[in-house]
Structures are given as C-alpha cells and as structure tokens.
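Open the model in your viewer and keep the selection tool ready. We will go strand by strand, then look at a pair of helices.

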Amino acid sequence: MRLGVLDVGSNTVHLLVVDAHRGAHPTPMHSEKAVLRLAEQITRTGDLSRAGSDQLVRAVESARASAVRLGCEDVMAFATSAVREAKNSAKVLARVADETGVELRVLSGVDEARLTFLAVRRWFGWSAGQVLVLDIGGGSLEVAMGRDEEPVLAESLPLGAGSTTRTRFHHDPPTRSEVVATSAWLEDQLSGLAKKVAKWGEPDRVVATSKTFRSLARLAGAAPSAAGPRVRRTLTDTALRQLIAFISRMPAADLAQLEGVSSSRSHQLVAGALVAQAAMRALSLEELEICPWALREGVILRRLDHSNGADETGAALTGVSANGEDR
C-alpha cells in the first residue's frame, strides 16, 4: 500500500510518502517540505499567531493535495512541540480540520520518544541488544532506552535546538559568554538524566537520529547522504568538541553554506551541537551511531503493525481515502 505521513514540526511541515506493507521495509517514494518555523511564530501570550495559522493551513492543504495526487491510501498527520505548546492549539487544530479535512494528532514528547525508538529498533534489529536513543528536535530532546520494541525509558526534555537558540542566544553568531553559559545551563538541566538511564543498565548500542545529529555527523566527516542510508555514520565526542569550536564563530548565513546544513536550520545548529554535547557528557558517551530512521518512520511502522485494527497513534489521523475523497 502507499502511505503518507505528514509531520508538522517546529521548523517544517514535511510530507513523506512510502510504499510498504506489513512486515516489509518501507520504500520512500516522495518527500516534500514547507519551511514555516512555527515555533518562532508563537506570540508573547503563548498563541500561534494568525499568520502562522494561515501558513499552516496552506501547507497542510498543499501536502494533502500531493498525497491525493500520489495515490496515498492513508495519510497519518501529526504535530509535535510547536503546536503542542501553543495555548491555542485546540483552535488551530480545529481550523486545520475544517479548512483542509486533515485531522492533526498532537503527539506528546513521550510518544515521540517511543515511536522514534521503534524506528531505531527496526532499523538495527534485535542483534543491537539494549539500545539507547537520543533525538534532538526543534523544541525538545527525546531519550529512550530498552531491549524490546517498547522502551523501558522514554523521556522528553524541553531542550530542542530551536528552543535553546531562542531562549539562550541573542547574537549571531552567539558570543563566547553565551556559549559558555548555555553549556553550563544544559549541564544543569541534564544532571538527573544519567541516573534514570543507569537504572536500566549499560546500553549495547548508542544511537542518535534526526536532522540535527545527521548534520553534525556530516560536518564531522561522516559520509554524505549520496552514499546511501546503509553506510555506517558516527559522531564522536572529540569530533563534536572540535566542531563546536568552529561553528560557534560563524553566523547562520555562513553555516547554511556548509554541506549537510539546511538554510532553514542553520540558525539553530550551534545550540543543537551544544545540546548534543551536553547529553553525551551527561551520559558519559564517547560515540553515537547515526540512524537514518526517526519519528516519521516510527509512525509508519506502527501504522503497518496495526493494519488490521485501530492504531493507538491514530490510524486515521487524517483522511485521504484510496479514491482521494475526504473521509
């Protein structure tokens, strides 16, 4: 079957279309993004602005039209931290549903961690043993750990690359004092994480996923995306430390020119690197292995697992039926 997953994140609205069936490897067929930076359109009162809501409606409608054109039998649509944290999220979601026919499901941070963990587990398989997974998003840092497909530990902390940039940096590039103060602040925020992880023993494999970690790994010398998803890519603490010393002195416009860094995320790369470094230090990690699958793939896999029944994340999160009509 052909499935679509629509991810409304802090920076982008991303539609991923795959061909897949239960027990099979999902094959990507189409990907498109709209850069909205919704997290930066939260007003002082905590609401998503009218302009942000307008842009969201247009982006969702465009993605819906693409899903219909591409023959998706089902589209799973979800929103993460930016919409989740907006005080008017219920009103925004209702407007999206009314004007586009798409019902966005707001995932909790813990659900993000669980679904990302599922994707990583499926990618590496049972031979990976106990896996520790780190995922830096725009608004939050997710940490999950376990031996099975359901993690025994699933944590979400408000330490995303975007949110850290907005709250901690006031210059581009950030000043030395901002970098030092932010590193110390992150260390304090993550001080209790090691105890939670240690409760479940030593991981057999430590994995990082999503765009921030992929960009950092590429800048640190990992193979480019053109080499394919199955090439082993890693990020070491030594390489990350050297990388931070380099990129923290560069304005966002210059960072956007580096290979592996998108212009929509270059402004938050330094903060993302500091979050990654703080997490690695808190957990005494020397190396992370990069996984090409993350939250979107986890949503697809869970949908396929429940293809004969209701999906707990909402199998019919939107409704584009097989013939392209609203459900």
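Select β10 and β11: they pair in the antiparallel sense over three bridges. Here two strands pair if DSSP finds at least two bridges between them. Strands (E, at least two residues) and helices (H or I, at least four) are DSSP runs, numbered from the N terminus. Now click Thr236, which stands opposite Glu287 in β11.

A word on the model: it is predicted, so local features need pLDDT of at least 70 and side-chain atom pairs count only at pLDDT 80 or more, while totals for chains, interfaces and linings use all residues. Residues are numbered from 1 along each chain as its sequence is written, and side-chain values use heavy atoms, with hydrogens and water left out.

**The six-stranded sheet**

Six strands form an open sheet with mixed pairing, in the order β8-β7-β6-β9-β11-β10. Which strands stand at the edges? They are β8 and β10 (234-236); each has a single partner strand, so one side of each is left without a neighbour in the sheet. From one strand to the next, the twist averages 25°.

Contact means heavy atoms within 4.5 Å. Axes are lines fitted to C-alpha atoms, for helices over the stretch in contact, and angles run from 0 to 180 degrees between N-to-C directions.

Move to β9 (residues 205-209). Four of its five residues are buried. Buried means under 20% relative accessible area, exposed over 50%, and partly exposed in between (1.4 Å probe, protein chains only). On one side, β9 pairs with β6 (residues 131-136) in the parallel sense over five bridges. Find Val133 opposite Val207. Three bridges also join β9 to β11 (residues 287-291), and these two run parallel. There, Thr209 has Cys291 as its bridge partner.

Now select β7 (residues 141-146). Are its faces covered or open? Both are covered: Leu141, Val143 and Met145 are buried on one side, and Glu142, Ala144 and Gly146 on the other. Six bridges join β7 to β6, and the two run antiparallel. A hairpin of four residues links them. Another hairpin, through six residues, leads from β7 to β8. Strands β7 and β8 (residues 153-157) pair antiparallel over five bridges.

**The five-stranded sheet**

Turn to the other sheet. Its order is β3-β2-β1-β4-β5, open, with mixed pairing. The edge strands are β3 (27-35) and β5 (105-106), each pairing on one side only. Select β1 (residues 2-8) and β2 (residues 12-19): seven bridges join them in the antiparallel sense. Arg2 stands opposite Asp19.

**Two crossing helices**

Finish with α4 (residues 109-124) and α12 (residues 295-305). Their axes come within 7 Å and cross at roughly 80°. That makes α4 roughly perpendicular to α12. Angles of 65 to 115 degrees count as roughly perpendicular, under 35 as roughly parallel, over 145 as roughly antiparallel, and the rest as oblique. Among the contact residues, show Leu115 and Leu118 of α4 with Val299 and Leu301 of α12. The contact divides into six nonpolar, two polar and six charged residues. Ala, Val, Leu, Ile, Met, Phe, Trp, Tyr, Cys and Pro count as nonpolar, Asp, Glu, Lys and Arg as charged, and the others, Gly among them, as polar.
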